[in-house]
Amino acid sequence: MSHTELPGAHVPAASRGWGRRRLSVLAATAMVAGAGLSMVPAAVAAASSTPDLGPNVIIFNASESQSTIQATLNSIATSQVPTSAQFNSNRYAIFFEPGTYGTASNPLVFQVGYYEEVAGLGAMPGDTVINGQIDAFPNTLQCSDASQSYCWENSTDNFWRSLSNLELNVQGDPSQLTGPPLAQASPPISNPGAANCYGGNNDFWSVSQASPLRRLLVNGNLVFQAWCSATGYGGTDYASGGFVADTQINGQALTLGNQQYFFRNSSITSAAGCPNGLWNNTYSGVVGAPAPVFSGSCQQNTVLPTSPTTEEQPFLYTDSTGSNWSVFVPSVQHNTSGTSWASGSEAGSSVPLSSFFVASPSTPVYQIDSALARGMNLMLTPGIYNLDAPIVVVHPDTIVMGLGFATLVPQRGNAALVAIPSSGVKISGLIVDAGPVNSPVLMSVGTPGRALGHNADSASNPDLISSVYFRIGGAETTPTSANVSLLDNASNSIIDDLWAWRADHNQAGTTSWTYNKGDTGVVVTGDNVTAYGLAVEHYQKYEVIWSGNNGTDVFFQNELPYDPPSQSAWMATPTQDGYPAFYVTPNVTSFNGYGMGSYVVFISTSATLYNSEAFEAPTTCGVQFHNIFGVWIAGSGGDNSIIDGTGGPVTSTNPGTVTPVDLAQYPTSC
């Protein structure tokens, strides 16, 4: 169907035969979530013509003066670009209504910092056009000497920011070649990587995890690692990115020295790493992807011609008048390549904003749950939600959309979010933090067994977990813990861009084996689950446990825990050293993994630590891994094998250098 001729109103789930089922579902929810639900009168939902999305949702229109827009964007960047903003409480969603912003002679140039979502509000990316640059630069600079003769920049902590749904005509501003406009701000912004990066047709997005690019049309080059330091050419930028989906780049995609990068269902003119990919560049359904190669540092490209099962993230849009607001929900697709919108139309459905309960951090959770129980969708405006009970989704086809990296923090050992139906639930744009009381699970999606509801065919109507991020520690200033960050029980579900992180640093300056505690980042029990762009780091036991059949994971990035105090504290069994980063359980008879790496980073311990295997799986031709590897980065010890005693070792003595140790196929005999 044409994306400009979207279908009509979303039918609330309450009118679809759910009446008699609701009480039993709510009772089950109370048991799962560990908290009862209270029914309250309906709260007022936002009208579609005049949405009130809170003070930290900034909406620009093309009739505003560019100087006003620029000043607003610079003010936000002054707050959110510096390293000091990494764990602050500010959250922003910045939207551009359809129209054109900036010109070739007067480009709109701005930086995107922590907890900033920037998006166009058109039905198609080309409806919102920005002539200029939208950049994310390294925000720290280290130099070898006082004269700054050789400097290196750091983007490895550039997290939690996004850009989507617009056309960017990359237009540099030569007047800014000596430094960014924000460099003169008071106090100065510490992002020296911005200097000398303006001008030409390069846009810079030098980030690491949790900083996705989606649904973009970029006319120019996208540079994912800034090479223009404050002292000019010759420096190095450390980066650990990143995620790109549903994007057309009419230029080069330059990942340069990024440790890894993942591209899905996009179109690029060409790609270059060093020359193609440092440790793990993975392309799934990307038109113009480089040739597959897997032969060591700088030649590590995993290429899938098509993506097996995908569903793009729902997005907010409005018409050209800015008065009619809706959310578009793209349809599930199979065996696709290129962008979803390449033909000028897109399969999916339009949901009016009037079907959403719009919540703020001050909204009591019982009001949120009541709205969901009545069949409404949920929009969480920017901010931090301290939850004394879980947000509970009881109806299929429910949309839960976070704006501006809305952050959920359970306070009483509860889950932050529980979605029960296993059919058609779409969850996107959230950060979920562990709280002060241990939570057995931070987020649970789906119910084991059959999907619930009138439309229980979850294969044609899957649950979607899109750009959702988990943290154990980091922003919190007191000890936090959760056993499992994400529990995915939903068969046929799609995980698309997920970072689960047991923090290796925080704003309190205190992390330790007992301070921030998390056993496992992701547990998948559902069958036919497809994951893309999965990053899980530093958990204390298995990082990922996959027990569902016929699963697929395309791209996996992991760092092992940095701080086990001793070998005895880090043992899967009394005779098995360490824990595999990715564990496919013995019951699984079918699974495929592509482009998967685990890194040894024992930087916060004096112990010598060994891990029997980076990956563990049943040895059967139905369970296959393609292009898996390990990298030793730091510490004493490492992986004795890559998988099930095969491949490697990857240790401080062999190879003892920061280079990938590859295994192109496992089992090797299949």
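Start at Cys-621. This is a predicted model, and in it Cys-621 has a relative accessible area of 45%. Buried would need under 20%, and exposed over 50%, so Cys-621 is partly exposed. Its disulfide partner is Cys-670, with the sulfurs 1.9 Å apart. The torsion about that S-S bond is -85 degrees, a left-handed link.

How many disulfides does the structure hold? Two. The other joins Cys-274 to Cys-298, S to S 2.4 Å. Its S-S torsion is about -100 degrees, so this disulfide is left-handed. Cys-274 lies in the loop between strands S17 (267-272) and S18 (277-284). Cys-298 lies in the loop between S19 (293-294) and S20 (299-304). The pair therefore ties together parts 24 residues apart in sequence. Cys-274 has 24% relative accessibility, which counts as partly exposed.

Now a strand. Is S40, residues 551-559, enclosed or open? Nine of its nine residues are buried, so S40 is largely enclosed by the rest of the structure. S40 pairs with S38 (residues 530-537), parallel, over five bridges. Ala-531 has Asp-553 of S40 as its bridge partner. S40 also runs parallel to S44 (residues 591-601), joined by eight bridges. There, Thr-552 is bridged to Asn-592 of S44.

Notes
Residues numbered from 1 in each chain as written. Predicted model: local features only at pLDDT ≥ 70, side-chain atom pairs only at ≥ 80, totals over all residues. Heavy atoms only, no water. Buried < 20%, exposed > 50% of the residue type's maximum accessible area, 1.4 Å probe, protein only. Helix = DSSP H or I, 4+ residues; strand = E, 2+ residues; numbered from the N terminus. Pairing = 2+ DSSP bridges. Disulfide = S-S within 2.5 Å.
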